[in-house]
Amino acid sequence: MITFEDRAVAFIDVLGFKDLTTRAVGDPVARTELTQLVSLLSGVITYLDEGVQKSVPPELIPEHLYISDCIVLSAPLKVLFDKFRNYSGLDILVMRIIQVAHAILDAGYLVRGGIAIGPVWHNRANVVGPAYQEALCLERGGGWQPRVLLSADAARLWKHGGPSSGSRMCNDYQGAFMVNSLHDYYVPERFRGTIEEAFAHYDAIAARNLGSGIGVREKQKWAWMKQYILDERSMSCP
């Protein structure tokens, strides 16, 4: 029996996956690249979950599904555990998305997605509910930019109701309220203490893609990301 629960839910899509998959059919180099990307996508959430303290109840760890180039995450909006009264499923989901976005950018790819809140049924095999559909629509209809947008309700909750209200984990950027996927606290572990190196690495990835002969639409996305990297770099490394 399907039982709906108020949850925060995110839909994340890896950009460029379709083209890579097409090339991989007849190109061994592209096939190796695709294999590495699939391995990253299939294992990144499990890896992050392994770092969660054992004292955290399993119900508070986000559910996730992975298929092809898409990851779906969800977490309960609120819980009744006395020890975790400040828990916010929206905050936890935003943190996870930032961690995933860093890992995927580190590997040379971009993500786009959406986060919504509301009724959802989510287990290890499926996800159903209006909030999931809204998150999916945000990814597909929220513009070409490689960003993860918050729905209007999720944005209001973030700004006015959660323990992270006012933090830079989400921000207004170029007229949209989105996850700050470059938040410097969540750079890959090897860059901890060397934030400048992380942003230099990301800038080099963007520059390499812009000079690689990609199509006009793909250049738009990487040019947008390069500017975003520059802007966040100036905030994190003044």
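Me: How far apart are the end C-alpha atoms of α7, and what should its 21 residues span?
Reply: They are 30 Å apart, and at 1.5 Å a residue the 21 residues of α7 (216-236) should span 30 Å, so the two agree. Keep in mind that this is a predicted model.

Me: Which residues in α7 are buried?
Reply: K221, W222, W224, M225, Y228, I229, E232 and S236.

Me: And where do they fall, seen down the axis?
Reply: The buried residues of α7 sit within an arc of 155 degrees, so they line one face of the helix.

Me: What do those buried residues pack against?
Reply: Several elements: the strands β1 (5-15), β4 (110-122), β7 (170-173) and β8 (176-179), plus α3 and α6 (195-210).

Me: Let's look at α6 then. What is L210 in contact with, leaving aside its neighbours within four places in sequence?
Reply: L210, which is found in helix α6, is in contact with K219, W222, A223 and K226. The C-alpha atoms of L210 and W222 are separated by 6.4 Å, with the two residues twelve apart along the chain.

Me: How accessible is L210?
Reply: Its relative accessible area is 24%, so L210 is partly exposed.

Me: Switching to charges. How many salt bridges does the structure hold?
Reply: Nine. One of them joins K226 and D203, with the closest N and O atoms 3.0 Å apart. K226 is in helix α7 and D203 in helix α6, so that pair ties together parts 23 residues apart in sequence. K226 is partly exposed, at a relative accessible area of 28%.

Me: E232 was on your buried list for α7. Which residue does E232 form a salt bridge with?
Reply: R168, and the closest N and O atoms are 2.6 Å apart. R168 lies in the loop between α5 and β7 while E232 is in helix α7, so this pair ties together parts that are 64 residues apart in sequence.

Me: Why does E232 count as buried, and why is R168 called partly exposed?
Reply: E232 counts as buried because its relative accessibility is 3%, where the cut-off for buried is under 20%. R168 has a relative accessible area of 31%, so it is partly exposed.

Me: What about R156 and D153, how far apart are they in the chain?
Reply: Three residues, about one turn of the helix, and both lie in α5 (152-160).

Me: OK, cores. How many residues has the largest nonpolar core, and which have the most contacts inside it?
Reply: It has 43 residues, and the ones with the most contacts inside it are L90, V94, I97, I115, L150, W158 and V179. Helix α3 (89-106) gives the largest share of this core, eight residues. Apart from it lies another core, of 17 residues, including L15, Y173, L182 and M225.

Me: Back to V94. What is it in contact with, beyond its neighbours within four places in sequence?
Reply: V94 is in contact with I115, W158, M169, C170 and V179.

Me: Last topic, the hairpin. How many bridges do β2 and β3 pair over, and in what sense, parallel or antiparallel?
Reply: Antiparallel, over five bridges, with β2 at residues 63-67 and β3 at 70-76. I67 stands opposite C70 in β3. The two strands form a hairpin with two residues between them, and S68 in the turn has a positive phi of about 55 degrees.

Me: Which other residue has a positive phi without being glycine?
Reply: Q174, with phi near 50 degrees. Most residues other than glycine have a negative phi. Q174 lies in the loop between β7 and β8.

Me: How do S68 and Q174 count for accessibility?
Reply: S68 counts as partly exposed at 41% relative accessibility. Q174 counts as exposed, at 51%, with the cut-off for exposed being over 50%.

Notes
Residues are numbered from 1 along each chain as its sequence is written. This is a predicted model: local features need pLDDT of at least 70, side-chain atom pairs count only at pLDDT 80 or more; totals for chains, interfaces and linings use all residues. Side-chain values use heavy atoms; hydrogens and water are left out. A nonpolar core is a set of buried Ala, Val, Leu, Ile, Met, Phe, Trp, Tyr and Cys residues joined through side-chain atoms within 4.5 Å. Buried means under 20% relative accessible area, exposed over 50%, partly exposed in between (1.4 Å probe, protein chains only). Helices (H or I, at least four residues) and strands (E, at least two) are DSSP runs, numbered from the N terminus. Contact means heavy atoms within 4.5 Å. The expected span of a helix is 1.5 Å times one less than its number of residues. The arc is that of the directions from the helix axis to the C-beta atoms. A salt bridge is a side-chain nitrogen of Lys or Arg within 4 Å of a carboxyl oxygen of Asp or Glu. Two strands pair if DSSP finds at least two bridges between them.
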